[in-house]
Every structure is written in structure tokens, then in C-alpha cells.
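Subject: Structure for you to look at

Hi,

Here is the structure I promised. Please open it next to this email and follow along.

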Amino acid sequence: MKRFLLAWGLCIATGAALAQSGAAPSGALGGGLRGPTPLDVETRPPLLPKPVNDDQRKPRAYPAQPPVIPHQTDNYQIDLRFNKCMSCHGRDRVGESQAPMVSVTHYLDREGNMRQEISPRRYFCTQCHVPQTEVRVPVKNEFTDFYKVPAESAKPAAKGARK
Amino acid sequence: MMRRLAGFARHAWSVVSRPSVYFSLGFLVVGGFIAGIVFWGAFNTALEATNTEVFCTSCHEMHDNVFQELKATIHYTNRSGVRATCPDCHVPHNWTDKIARKMQASKEVWGKIFGSINTRDKFLAKRRELAEHEWARLKANNSLECRNCHNFESMDFTRQSERAQAQHSTALARGEKTCIDCHKGIAHRLPEMGRVAER
């Protein structure tokens, strides 16, 4: 055991030494979030992006995607005592608020029993549902919607799956 | 003891009920006037001193619980730096209402002396009751303390989000609802709400 540890330690040490000797100048690390700022200098944080607050429902990118929140949720209280989201999205509140009701799946507990109130395991809305901001992403998202995949490229994969 | 006290009261009354022997009427009138001004000034200064955030948060009950919660909200920190202090929302600005509220607040002095919310747990246990008092007050006076700053006539719906427009131009405009009906918990965390939560 001791010998193994020693060998492991040596490996790390040499690795670190190699990395240090071959370190590229910080500017060459590419853009990313830091931009051309050297590693030993703090970047100037970007301005806080503007929250999307237009109340227009956004399409889901895939069927099981938790819908994103199309409004501001600053200082919404979601804790042991109170869930602000449910004061509009709760079952008995949507008539007045005209907000979409939380999905019925949120009323099922883990045994599959339908409950009166939202299930504790689905209680913390912002674990899955997030508000959006108007921001220029530093890394482009290459996700393609299932419907937008060209038919030719989708076909062979489907055939392969059937075999 | 009682007899001596009664004797003193009788003597005092005989002095007060007879005309002054040594002081002129002019002195008494002008002197009384000046004394009145001094008294009123002192009274008002003392009253205003209890109407400041520094005074409110000098008790740990207020400082450690509700004041900390306020700090994260828009009524404490925002873009333009205009802010509301404790008395802006919790003490009526109108004089008679203010005095009435201040007399009610003697209950709070009692609570302070006997430590009715002197720990976090005691505060949390009593929080619903305390909150209900404030909701009831704001409901009864049509959210007067909100409206001291947020004037309905000056609201530009076109500058509001669609959701806010929809609510403010209907239920609020018709007077069916008042600010506090929807904006509970705007400046502090809410207690355990049960079904009121959603009201």
C-alpha cells in the first residue's frame, strides 16, 4: 500500500512538473469566459444580464424538458414555510392567475400515490425550472431539435436501432 | 399615608384654583405659550426619534429577524437608491393614526420586557400572528402605507410587465383588491401559510 502511494505521488509530481514546463502563455488558452485576461489577473465580471419577463411560453427542446420560466423570479420564497410559485401555478389558483398549472405528475409521491398538495420531491421548483436571461452565450449550443434533424441522417440510425 | 396624600391634593387644588398673586397675567400667558412650544417640540422630537430605522433595529428581535430579511428586497436595495425604512410601511403618516399606532405599540414594549419573541424559535412560532396583524391593518386601510409612495394614478401600465398590467388594470383599478392581497411577503419572508399562502 505504502509503495503504491509513493508511486502515485511521484506520478503526480512529474505530471505537474511537465505541465509547468510546457505551460502555454495564458493568452493562448483561447477565449472562453475569461477572454484574453491573464490567469493571475482577475477578470472584470460582465454586467448582470437582463431577465426575460415577457410571459410568452417557450417551446420545449425535447418532450421531457422542464419548461423554462418566462418571467422574473427575483426573491421568490420557496422554503419550508411557503412556495411563492404555487400562489399562481397551484391547482386552485390558475383560474384567477391564468398561469399554467403545475403538471399532475408533481402531485405523485414516489410510491405513485396522488396527493392533495404538491409532492415534497417536486416542491423546489427552481431545481428544474429556471428563468431565462438575455445573454450572448460564450460557447455556441449545437443542440438540434428532433424535428429539425434532416430525414436522411435520421434514417440509418433508426434502421440500426431496429436490427 | 392616604390622609397625607389627600391633604396634599387639597392643598394643590387650592393653589391652582385661585388667581395668581405674584405673577402677572401677561407673564402667565406668554410663559405658558413658550412652555407649550417647548413641550410640543420635545414631544414631537421624541416621537420622531422612535420613528427611525435605527430605533427599530436597536432591538435584536427586529435587527436579527425582519431587518435581515428586508435587506435582500427591493425596498432596501435597488437601482436608484430610493428606499423604504421600517416606519414608512409600519407606522401611518397621518398624525391621529400615528398616535393610535404608537399607543398600540406599548404592547410591543411589554413584549420586549417579557421577551415574547426574544429567540429565533419564539419569533418563528409567533410570526404568523404578527404577520396577520399587519395584513389586517393594511387590508383595513386599503394599503395606505403602500400608497404613500406607490400612487395608483401615477402608475404607467405600459411600463409594467404584461402580468402586472393585467392585475393592476382590473382588480386593483376596480378596487376589488388592494396591494397587500397579492403582495404579501414583499419585504419579509412569509410564515407557514397553509391555504392562506395562496391568497
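Below is what was found, going from the whole model to single residues.

First, the ground rules. This is a predicted model, where local features need pLDDT of at least 70, side-chain atom pairs count only at pLDDT 80 or more, and totals for chains, interfaces and linings use all residues. Residues are numbered from 1 along each chain as its sequence is written, while chains are lettered from A and ligands numbered from 1 in the order in which they are written.

Now confidence. The model has an ipTM of 0.72 and a pTM of 0.73. Chain B averages a pLDDT of 90; pLDDT is the predictor's confidence in each residue, from 0 to 100. In chain B, 97% of the residues reach 70 or more.

Next, the two chains. On chain B, 13 residues are in contact with 12 residues of chain A. Contact means that the C-beta atoms of two residues, placed from the backbone, lie within 7 Å. The chain B side holds 5 nonpolar, 3 polar and 5 charged residues. Nonpolar covers Ala, Val, Leu, Ile, Met, Phe, Trp, Tyr, Cys and Pro; charged covers Asp, Glu, Lys and Arg; polar covers the others, Gly among them.

Chain B is assigned domain 1 (26–56) and domain 2 (57–198). Such bounds come from an automatic or database domain assignment. The C-alpha centres of these two domains of chain B are 30 Å apart. Between them, 6 residues of domain 1 are in contact with 8 of domain 2. Helix H3 (residues 53–56) of chain B gives the most to the domain 1 side, with 4 residues. Helices (H or I, at least four residues) are DSSP runs, numbered from the N terminus. That domain 1 side divides into 4 nonpolar, 1 polar and 1 charged.

Now a loop to find. Both B:Asn142 and B:Ser143 sit between helix H8 (120–140) and helix H9 (144–147) of chain B. Phi is near 55°, a positive value, in B:Asn142 and likewise near 55° in B:Ser143. Most residues other than glycine have a negative phi.

Which of the two is buried, and which exposed? B:Asn142 is exposed because 12 other C-beta atoms lie within 10 Å. B:Ser143 is buried because 21 do. The cut-offs are 20 or more for buried, 12 or fewer for exposed, and partly exposed in between, with C-beta atoms placed from the backbone.

Last, B:Asp121 in helix H8 of chain B. B:Asp121 is exposed, with 8 C-beta neighbours inside 10 Å. Its C-alpha atom is 22 Å from that of B:Cys86, 35 residues apart along the chain.

Best wishes

Definitions and conventions
Helix = DSSP H or I, 4+ residues; strand = E, 2+ residues; numbered from the N terminus.
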